[in-house]
Amino acid sequence: MSTPQEPVSELSAPPTACYSPASSLSNVSAVQQQPDIIETSGVPLQLNLVQPTANDFALATGSTPSTADPSGAGGFVMPVRTPEVIKEPSSIRPFRSLAIGFKATTLGTGIELATPVSRSFNLRSSINIFAFNYPFVIDGVNYDARLHLKSSGTTLDWFPGNHRFHISPGILYVKNSLTAPATVGAGQAFELGDQPFINSVDDPVGGSSSVIFPRKVAPMLLLGSGNIIPRTGRHFSVPFEFGAAYTGAAQISVALDGTACTYQGCVSFASNADAQASLKQEVYKLNGDLKRFPVYPILSLGLAYHF
């Protein structure tokens with residue numbers, strides 16, 4: 001025997017409308033085209049279809065149902081995270097950070113500043129200064145050299161690959177100077193050009209010499225390891241580099257006076273033409289040796305801190 005239906009007016013709540021998981025997305029579209037009224041057990045129901053809202057995920061349709069969402073039907077949507085744009089850390093943004101370094105180099109003791117230009121390039125400037133004495137002897141003449149190193153340079157550091165090895169073309173401003181008093185011991189033998197001399201005891205030969213670097217602005221190329229602005233976020237680095245600057249061959253000049261003797265007799269360097277010719281021959285020979293070194297070698301090791 002069937003149970004009589006209760007009056008609709010006594011229902012405490014309308015029956016819940018059910019949505020079959022087996023229905024496809026095409027059925028959903030069909031429902032959207034029909035009036036949003038469905039009768040279930042004689043009771044009209046109002047359906048409110050909620051449209052999906054935009055979020056941070058892209059929708060991708062796959063052929064295999066997702067295990068994470070069992071309520072999906074037929075076709076399904078799978079959340080796919082959109083690729084994120086990788087941003088450079090603020091510490092290496094162009095011209096937004098600074099590094100300072102101290103180095104010992106063949107150009108002297110140096111201090112340098114650097115800032116990043118891009119992920120693979122730094123802009124770096126340095127100032128180098130040093131002074132020291134270096135005595136040496138050439139053909140019996142004593143030269144007490146006093147070398148003053150002054151230079152400044154600017155390079156564009158390129159870091160291919162892993163940002164450790166760098167290639168640095170640049171410009172070097174050179175203001176090096178070398179002066180050397182020239183002396184010969186009293187009664188000592190010396191040679192100028194091809195002419196041997198014996199120095200006078202009463203009026204010994206003496207004078208001065210200097211070295212001139214012909215190029216004040218020189219192109220240079222450096223190679224090295226270590227990044228003064230580490231891309232790893234570290235603060236300290238130990239850069240090492242080597243290379244050369246094309247300064248042109250240095251030229252030496254020598255001026256002597258006093259009295260020296262040869263087998264033909266004693267002559268004064270201030271007034272004797274033969275003595276001056278021998279001196280010019282000696283200077284020419286020295287400059288010929290210097291022509292073999294048109295570049296200035298650069299070797300440096302430093303310690304840098306990145307702010």
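A salt bridge is taken here as a side-chain nitrogen of Lys or Arg within 4 Å of a carboxyl oxygen of Asp or Glu. The structure is a predicted model, in which local features need pLDDT of at least 70 and side-chain atom pairs count only at pLDDT 80 or more, while totals for chains, interfaces and linings use all residues. Residues are numbered from 1 along each chain as its sequence is written, and side-chain values use heavy atoms, with hydrogens and water left out.

In one of them, R124 is paired with E112, and the closest N and O atoms are 2.9 Å apart. This pair links distant parts of the chain, with R124 in strand 7 and E112 in strand 6 (residues 108-116), 12 residues apart. Helices (H or I, at least four residues) and strands (E, at least two) are DSSP runs numbered from the N terminus. Residues are called buried under 20% relative accessible area, exposed over 50%, and partly exposed in between (1.4 Å probe, protein chains only). R124 is buried because its relative accessible area is 6%, and E112, at 5% relative accessibility, also counts as buried. The side chain of E112 also meets that of K103 in a salt bridge, at 3.4 Å from N to O. Both K103 and E112 are buried.

K285 counts as partly exposed because its relative accessibility is 35%, whereas E282, at 2%, counts as buried. Elsewhere, salt bridges that share partners join K103, E112, R124, D157 and E241 into one network.

On the surface, a nonpolar patch is formed by F236, V238, F240, F242, L299, L301 and L303, which together have about 680 Å² of accessible area. Patches are made of residues with over 30% relative accessible area and no salt bridge, like charges being joined within 9 Å and nonpolar side chains (Val, Leu, Ile, Met, Phe, Trp, Tyr) within 5 Å. Accessible areas come from the Shrake-Rupley method with a 1.4 Å probe, and for residues only the protein chains shown count as cover. Strand 16 (240-245) and strand 20 (296-306) each supply at least two residues of the patch. Strand 20 gives the most, with 3 residues. F236 lies in strand 15 (residues 236-237) and counts as exposed because its relative accessibility is 53%.

The second largest pocket has a volume of about 680 Å³. Its lining comprises 27 residues, of which L178, V211, F213, A250 and L290 lie nearest the centre of the pocket. A pocket is an open set of points on a 1 Å grid over the protein atoms alone, where a 1.4 Å probe fits, with protein on both sides within 12 Å along at least five of seven lines; lining residues have an atom within 4 Å of a point. Grid points are joined across faces, edges and corners, and the volume is the space filled by probe spheres set on the points. The lining divides into 21 nonpolar, 4 polar and 2 charged residues. In this division Ala, Val, Leu, Ile, Met, Phe, Trp, Tyr, Cys and Pro count as nonpolar, Asp, Glu, Lys and Arg as charged, and the others, Gly among them, as polar.

D139 is placed in the loop between strand 7 and strand 8. Although D139 is not a glycine, its phi is positive, at about 55 degrees. D139 counts as partly exposed because its relative accessibility is 30%.

Several residue pairs are separated along the chain. T154, in strand 8, is 19 residues from Y173 in sequence and 8.8 Å from Y173 in space, C-alpha to C-alpha. T154 is partly exposed because its relative accessibility is 37%. K280 lies in helix 2 and is exposed, with a relative accessible area of 61%. K280 and G193 are 87 residues apart in sequence, with 7.7 Å between their C-alpha atoms. I229, in the loop between strand 14 (217-225) and strand 15, is buried, with a relative accessible area of 0%. The C-alpha atoms of I229 and S97 are separated by 8.7 Å, the two residues being 132 residues apart along the chain.
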